[in-house]
Amino acid sequence: MIKKWFKNTLYPSLDWIQVELTSYCNASCIYCPRHIYKDAWINRNLSLNDFERLKPAFKKTHLVYLQGWGEPFLNTELFTMVNIAKEAGCKVGTTTNGMLLNEENIYRIVESNIDILAFSLAGVNKGNDEIRQGTKFDKILEAVKNLQKIKKKLGKKLPAINIAYILLRSRLDDIELLPDVLKDLDITQVVVSTLDFVPCKELIKETIIPSNFEEYEKIRSRLDKVKFIFEKSRTAFHYLFHRPEERNLECTENIQRALFVSAEGKVSPCVFLNLPVSPQSVCLYRNNERQYHHITFGDINEIPISEIWRDKIYRVFRETFLENKLPEICKECPKLFVT
């Protein structure tokens, strides 16, 4: 009993671990770093052996989220990985563009008892298809309908179906159309985010960063109206939105109780600090052009994730957020400028 207790204390108790199953993707979204940095992008799949190295940590984790910079259903081991995480006793979720959800995959999804399946959108109808190139809005809705139908047929309540919606300035009006196009689909939750990682100058115009409180309140009012409509139909609605000139020290990526593991096996505080690109790539934070630098704290192929988490350098990084001494790359990150 003492030995078992001691072993459990070696692993961090986390709210979630985000695991990137692949950096391959069958879509080419205009705002995605994979699209912008295609010449520098490194495609890879997480191996089953690497995933199994995470099992001890899963037993101390509330949620394992299988998603990074690629399309998870392109990793042929996805359902095996779902089973491994579920057997560890945690909740499991993933986000998809929906293009690979044929009838066979939908049955496997429902039978796997995965807890959450989110569908990515960036507009409605043709607006979404123009931005998320390679995806089809109508096909996504059809996949949601088929998923609900098969859940009912098999007598299953899972997975909960969510929408991961990215709000771009050019498609700002689409958000008000969303409740109508999603009605009767039994969506559990809609989560709206803005363009946090701006990979090129041309996309600055798509960010929604209010310059003053008047603009902020105007956009927030529109989002709150949409929220009211969704919540009348018992669909949860959450949004993360830039608040002018107010920085929070509490990062929305929850770096004190969460981490990200890339398809390469590298551990970092969040997905934004661990893009599968060569170091020559450039990123932009809040209009400031900067050279992109990875921040990783260890490789699960070399060091157990518990040791990576407890490592002094990683611990000091997390403590900077408690002491208001943020590392340079995080100081202007949009994840600190939200409601």
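This is a predicted model: local features need pLDDT of at least 70, side-chain atom pairs count only at pLDDT 80 or more; totals for chains, interfaces and linings use all residues.
**The aromatic cluster**

Across the structure, the count of aromatic pairs comes to 13. Trp-309 and Tyr-314 are both buried, and they belong to one aromatic cluster together with Phe-297, Phe-317 and Phe-321.

A charged side chain also takes part in this arrangement, for the charged end of Arg-318 sits over the ring of Trp-309 and also over the ring of Tyr-314. The distances to the two ring centres are set out below.

| Charged end | Ring | Distance to ring centre |
|---|---|---|
| Arg-318 | Trp-309 | 3.7 Å |
| Arg-318 | Tyr-314 | 4.6 Å |

**The buried residue Asp-299**

Asp-299 is found in the loop that runs between strand S13 (288-291) and helix H11 (305-310). Although Asp-299 is buried, it has no salt bridge. The nearest side chain of opposite charge belongs to Lys-266, at 4.8 Å, and a salt bridge would need a side-chain nitrogen of Lys or Arg within 4 Å of a carboxyl oxygen of Asp or Glu.

When neighbours within four places in sequence are left aside, Asp-299 is in contact with Glu-264, Gly-265, Lys-266 and Ile-308. Lys-266 therefore counts as a contact of Asp-299, since contact means heavy atoms within 4.5 Å, even though the pair forms no salt bridge.

Definitions and conventions:
Residues are numbered from 1 along each chain as its sequence is written. Side-chain values use heavy atoms; hydrogens and water are left out. Rings of Phe, Tyr and Trp (its six-membered ring) pair if their centres lie within 6.5 Å; planes under 30 degrees apart count as stacked, over 60 as edge-to-face and the rest as tilted. Buried means under 20% relative accessible area, exposed over 50%, partly exposed in between (1.4 Å probe, protein chains only). A charge sits over a ring if NZ of Lys or CZ of Arg is within 6 Å of the ring centre and within 35 degrees of the ring normal. Helices (H or I, at least four residues) and strands (E, at least two) are DSSP runs, numbered from the N terminus. Lys and Arg count as positive and Asp and Glu as negative; His and the chain ends are not counted.
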